[in-house]
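Morning, everyone. I have one model to walk through today. Please have a look at it before I start.

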Amino acid sequence: MADVPEIDVAGLAAARAAGAPLIDVREPDEYAEAHAPGAVLIPLGQVPERVAEVPTEGPVYVICRSGGRSARAVEHLRQHGIDAVNVAGGTLAWIEAGH
């Protein structure tokens, strides 16, 4: 997945502060347990049929637990012309960094 652009959680925090959208592709129970504030839940299995819900203006950041599922979602979204960026380390890194 070398063609999947990534951002670290510090970069994501700055992007979010500037209003950038964030999609969480984990399952609803994982999202309910903990998630980045303002993240929109679209479970990975629903991404193909919900691609129209993803913003197309500017970059869209995609997060999961540790970065694997979100990387797959980013690949799919980029195939649809969306400037999607994977969050390296995912929600685990987000929490670990104190966000």
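Is Glu53 buried, partly exposed or exposed? Keep in mind that this is a predicted model. Glu53 comes out as partly exposed, because its relative accessibility is 47%. Buried would need under 20%, and exposed would need over 50%. The partner of Glu53 is Arg50. The two form a salt bridge, with the closest N and O atoms 2.9 Å apart.

That brings me to the salt bridges in general. How many does a search of the whole structure find? The count is 4. I will take two others.

One of them joins Arg78 and Asp83. Here the closest N and O atoms sit 3.2 Å apart. Arg78 has a relative accessible area of 36%, so this residue is partly exposed. Asp83 has 35%, so Asp83 is partly exposed as well.

Now the pair Asp24 and Arg26. Their closest N and O atoms are 2.8 Å apart, and they too form a salt bridge. Asp24 has 0% relative accessibility and therefore counts as buried. Arg26, at 5%, is also buried.

Ile7 has Val87 of S5 as its bridge partner.

Last stop: Asn86, in strand S5. Is this residue buried or exposed? Asn86 is buried, because its relative accessible area is 0%. What does the side chain of Asn86 reach? It reaches the backbone nitrogen of Ala71, at 3.3 Å. The Asn86 side chain also makes a polar contact with the side chain of Glu6, at 3.0 Å.

Leave out neighbours within four places in sequence, and Asn86 still has a list of contacts. Among them are Val4, Pro5, Glu6 and Ile7. The list also includes Val62, Gly67, Ser70, Ala71 and Val74.

That is my tour. Questions, please.

Key. Residues numbered from 1 in each chain as written. Predicted model: local features only at pLDDT ≥ 70, side-chain atom pairs only at ≥ 80, totals over all residues. Heavy atoms only, no water. Salt bridge = Lys/Arg side-chain N within 4 Å of Asp/Glu carboxyl O. Buried < 20%, exposed > 50% of the residue type's maximum accessible area, 1.4 Å probe, protein only. Pairing = 2+ DSSP bridges. Helix = DSSP H or I, 4+ residues; strand = E, 2+ residues; numbered from the N terminus. Polar contact = N/O pair within 3.5 Å; in protein donor to acceptor, adjacent residues only side chain to side chain. Contact = heavy atoms within 4.5 Å.
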